[in-house]
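I keep these entries while going through one chain. They record what I looked up, in the order I looked it up.

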Amino acid sequence: MSMVTVTPTVQTYNGQPYVRRNYTITPASNGPATVTLYLTQADFADYNAAAGSFPLLPTSGNNADPNIPNIRISKVDGTLGTGTPTVITPTMNWDNTLMQWTATFPVTGFSQFYFHSANPGNAALSVTYKKFIVQKEASSDLVKWTTLSESNNSHFNVQRSADGQAFETLGTVNSKAANGAGATELNYQFEDNNPMIGHNYYRLEQVDIDNRNSYTESIDIVWNANGSVVSVYPNPTRDILNIDLSIDKIAQVEIKLLDMSGRVVKSVIAQTEKGLNNIKLNMSEVASGVYGVQVYENNKLTHISKVRKND
């Protein structure tokens, strides 16, 4: 079975953009084969508009285009973020009759294929994360993450922000992988002993050996003056939004999701216990966009934040 997915806009993974059109191939049995995939010049034009500092892909439907050597494919055994990636350099050809590009390459197995431009070190689309969480302790925030694979990785900078925009580095954690590369599960953590009253947005900056960097999503931990703590993640989200509450007393909690006009589109009421509580909000049925999240404890508003829903 072969399936093509075309995302509404150019997406990024670990800081590098990839072409909107990606493929999933699931054969009856894996084995050596030659694969040909198809792209349009418009796919490359959209990528180039979002390429930033990365090399451009072809700018014209022409087999003499000087950017053809920049094309790479990340083959992922699973999906981005869950499988081990490898890099493929395909043979490209512009078909004047069909007005499209063909990318041909040999494989020994099948999965998902993402097109992007070459980067220094010919790294795949770089660290694959299994999880990234922030855990509230008695008087600190514990940042924890697990990688499934690393390629060309130097270190991680743990960063924090009060507004989700301007981040500062709290500390650095070096890669545990030998020479920054490996395909075994590795666990990391960093403790912030001085969280701020109010919002604490945490993210990881992953830095390659060649000094390229990429970022995780941010996780917001809110320390309220009354001693309760709220964590909203992941942000952005596609389906389930988690709201973790650490409170010092039993309370009735209501979570409200509001659109940008202020209309409540979803609401969840729960009875919480003293300590850490997790409430899940199903976002799969709401349209993509930015929403407000309000948390009420015993009918008193204690937390406000924003979350983005992606398709």
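How many bridges join β5 to strand β9, and in which sense do the two strands run? I find 7 bridges between β5 and β9 (residues 100-107), and the strands run antiparallel. For these notes, strands (E, at least two residues) and helices (H or I, at least four) are DSSP runs numbered from the N terminus, and two strands pair if DSSP finds at least two bridges between them.

**Ground rules.** The model is predicted: local features need pLDDT of at least 70 and side-chain atom pairs count only at pLDDT 80 or more, while totals for chains, interfaces and linings use all residues. Residues are numbered from 1 along each chain as its sequence is written, and side-chain values use heavy atoms, with hydrogens and water left out.

**Whole chain.** I count 1 helix and 25 strands in the secondary structure. The C-alpha atoms fill a box of roughly 70 × 45 × 40 Å along the principal axes. Of the 311 residues, 51% are buried, where buried means under 20% relative accessible area, exposed over 50%, and partly exposed in between (1.4 Å probe, protein chains only). The accessible surface is about 14,600 Å², and carbon and sulfur atoms hold 49% of that area; the areas come from the Shrake-Rupley method with a 1.4 Å probe, and for residues only the protein chains shown count as cover.

**Sheet with β5.** I read the order as β5-β9-β8, an open sheet of 3 strands with antiparallel pairing. β5 (33-39) and β8 (91-95) each have a single partner strand, so one side of each is left without a neighbour in the sheet. Neighbouring strands here are turned by 25° against each other on average, direction ignored; the axes are lines fitted to C-alpha atoms (for helices over the stretch in contact), and angles run from 0 to 180 degrees between N-to-C directions. I also looked up V35, whose bridge partner in β9 is F105.

**β8 and its hairpin.** β8 pairs with β9 in the antiparallel sense over 5 bridges. The two strands form a hairpin with 4 residues between them, and M99 in the turn has a positive phi of about 55°. N93 has T102 in β9 as its bridge partner.

**Helix α1.** Helix α1 (residues 41-49) lies across β5, β8 and β9, at about 75° to β5. Contact means heavy atoms within 4.5 Å.

**V10.** I place V10 in the loop between β1 (2-6) and β2 (11-13). Leaving out residues up to four places away in sequence, V10 touches P17, Y18, R20, D46, Y47 and A50. A33 is 23 residues from V10 in sequence and 29 Å away in space, C-alpha to C-alpha.

**Sheet with β22.** This one is open, has 4 strands in the order β22-β21-β24-β25, and pairs antiparallel. The edges are β22 (264-272) and β25 (300-309), each with a single partner strand, so one side of each has no neighbour in the sheet. Neighbouring strands are turned by 20° on average, direction ignored. β21 (residues 251-258) and β24 (residues 289-297) run antiparallel and are joined by 6 bridges. I255 has V295 in β24 as its bridge partner.

**T128.** T128 is in strand β11 (residues 128-136). Is T128 buried or exposed? T128 counts as buried because its relative accessibility is 1%.
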